[in-house]
Amino acid sequence: MSDAALFDKIISHCKEYGFVFPSSDIYGGLAAVYDYGQNGAPLRNNLRQYWWQSMTQLHANIVGIDAAIFMHPKTWKASGHVDGFNDPMIDNKDSKKRYRADVLIEDHQEKIRQKIEKEIDKAAKRFGETFDADMYRSTNPRVMAYQAQIDHCDAVLKEGLETGNLGMIKELIESEGIVCPISGSKNWTEVRQFNLMYSTQMSAVESGEDQLYLRPETAQGIFVNFLNVQKTGRMKLPFGIAQTGKAFRNEIVARQFIMRMKEFEQMEMQFFCQPGTEMQWYNYWKELRLKWHMAMGIPASSYRYHDHVKLAHYANAAVDIEFDFPFGFKEVEGIHSRTDFDLGRHEEFSGKKLRYFDPEKNESYVPYVVETSIGLDRLFLLTLCNAYCEEEIDGDTRVVLKLHPALAPVKAAILPLVKKDELPELAEEIYQKLRLDFPCYIEDKDSIGKRYRRMDAIGTPFCITVDHDSLNDRSVTLRYRDSMKQERVSIDSLHSLLSQATAMSSLLKELI
Ligand code: ATP
């Protein structure tokens with residue numbers, strides 16, 4: 001199956017099994033806005049919970065807050081978003097489609113990267129065991145030329161964005177022969193900047209003076225609360241403030257399902273530290289965040305780091321954690337060393353001192369900040385892409401979501417084998433007991449095989465089948481989703497079995 005076909009299947013699976021629906025579906029949907037369904041909402045809650053607990057429970061020096069979406073308009077002047085939160089856009093005159101110029105270039109680079117990998121694969125087959133891929137990369141003229149092309153794109157893009165010379169970026173698109181994916185033509189407009197913030201009014205009267213923005217990131221809610229939290233929580237440096245919540249961006253090029261949405265959720269943590277120690281913390285968080293991803297059982301080969309070439313105006317180091325989606329490696333999380341930029345700017349714009357008194361140094365200073373920022377919806381998408389499997393079984397295809405049991409929306413399904421002989425009653429008794437602690441599902445319709453398949457498709461890790469023997473020996477058949485292995489266990493042991501397998505601590509313990 002091609003990657004594009006796989007991605008289409010994942011999208012339809014999301015709709016068919018109640019994970020993700022287009023927003024306002026009955027009206028034809030709303031571009032780049034989505035709703036989470038009966039299985040999507042709990043899976044997303046569990047992912048959020050995993051992040052929240054790993055930040056606030058596993059770190060004695062990190063606390064969580066929940067700031068409002070609306071913020072004083074000066075916030076966005078101070079943060080630089082009013083003047084600088086722009087994307088460079090370019091239109092194709094034939095297809096009338098609009099693109100982000102930097103994304104067009106990055107996609108082009110990815111194609112060149114794939115050509116390099118193909119060359120290396122071919123050479124590996126030709127040379128056999130003695131093949132040294134690193135050596136080949138640094139000596140083969142064709143591979144070196146491809147790499148030089150990638151580096152050239154990086155350099156021009158960086159200079160164009162940093163100096164505001166958008167003409168350079170258009171020239172690069174032309175000289176690299178980048179075509180519109182729809183029309184296939186090179187008939188491009190100039191590159192222009194476009195601000196991504198949505199605005200609205202505070203009062204009922206539209207005066208223009210009370211313009212508000214829907215926050216484009218959650219981070220600023222943390223910065224403006226730095227002093228409140230530091231003082232009331234008696235926090236000592238280094239310490240962190242975590243927050244999850246909605247953010248809004250007028251993404252012109254919304255695509256790839258929930259990858260790029262206009263309304264999405266971020267999970268951000270700002271770690272305040274002494275100036276001069278930021279690189280140590282940056283490296284700490286860079287490593288720990290990747291470990292966090294892999295603790296979900298996702299292989300290391302699905303991830304890579306991507307160091308930023310063009311640093312944001314506030315950063316002195318930045319890296320993305322990218323996941324290998326069916327449409328290629330793309331950013332899911334950023335780790336940024338933001339220096340004292342944000343607190344410094346808020347001091348300037350608010351006139352309030354945002355300093356920390358360091359008792360050891362006996363001086364006050366503006367702390368430096370290392371941020372970790374992940375999109376919950378992209379995390380959701382990667383979780384599904386990683387979990388989605390099609391398996392051939394006895395000439396039939398089984399679709400199964402191999403979700404970590406701690407993340408699965410339903411932990412166990414209780415299934416009476418038949419709808420009579422008091423089996424439904426015993427199933428109900430088990431369900432009533434287990435549902436106090438675990439999200440469970442009970443069903444007596446259809447054959448047991450069909451019911452197993454429905455549970456596989458939403459990633460339920462355990463099916464508990466109640467049969468006639470259960471009435472006599474108070475034992476049930478426990479079926480494991482991934483191996484489909486079945487074993488007989490006593491009804492009394494179910495609670496502790498589910499506790500062990502589905503507890504969030506089974507993920508968290510990988511991180512300490
Ligand atoms: P991109 O380059 O893909 O636009 P970004 O660098 O602008 O992302 P950040 O501002 O660093 O993203 O935001 C942090 C995280 O928020 C991203 O890593 C991503 O997971 C998530 N995110 C950003 N924009 C969107 C969006 N439009 N839809 C869904 N998630 C998003």
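Let's start with P238, which sits in the loop between α10 (226–232) and β9 (239–248). Helices here are DSSP runs of H or I with at least four residues, strands are runs of E with at least two, and both are numbered from the N terminus. The peptide bond leading from L237 into P238 is cis, with omega near -5°. Most peptide bonds are trans, and most residues other than glycine have a negative phi. That brings me to N362, which is not a glycine but has a positive phi of about 55°. You'll find N362 in the loop between β14 (356–358) and β15 (363–365).

A quick word on what we're looking at: this is a predicted model, where local features need pLDDT of at least 70, side-chain atom pairs count only at pLDDT 80 or more, and totals for chains, interfaces and linings use all residues. Residues are numbered from 1 along each chain as its sequence is written, and side-chain values use heavy atoms, with hydrogens and water left out.

Now, the ligand. How many residues surround the ligand? There are 15, and the closest are E251, R260, M261, E331 and V332; a residue gets into this shell if one of its heavy atoms lies within 4 Å of the ligand. By type, the shell holds seven charged, four polar and four nonpolar residues. For that count, Ala, Val, Leu, Ile, Met, Phe, Trp, Tyr, Cys and Pro are nonpolar, Asp, Glu, Lys and Arg are charged, and the others, Gly among them, are polar.

Which strands each supply at least two residues of that shell? They are β10 (263–273), β13 (328–339) and β16 (368–375), and β13 gives the largest share, four residues.

Let's go through some polar contacts, meaning pairs of N or O atoms within 3.5 Å. The side chain of R260 brings an N or O atom to 2.8 Å from a ligand oxygen, and for the side chain of R100 that distance to a ligand oxygen is 3.2 Å. M261 uses a backbone N or O atom, 2.8 Å from a nitrogen of the ligand. Taken alone, the ligand exposes 590 Å², and the protein buries 86% of that, using Shrake-Rupley areas with a 1.4 Å probe.

Last stop, a helix pair. Helix α5 (residues 101–127) packs with helix α8 (residues 166–175) at an angle of about 35°, their axes 11 Å apart. Those axes are lines fitted to C-alpha atoms over the stretch in contact, and angles run from 0 to 180 degrees between N-to-C directions. A101, L104 and I105 of α5 meet I169, L172 and I173 of α8, with contact meaning heavy atoms within 4.5 Å. Those contact residues are six nonpolar, no polar and no charged.

Methods:
Polar contact = N/O pair within 3.5 Å; in protein donor to acceptor, adjacent residues only side chain to side chain.
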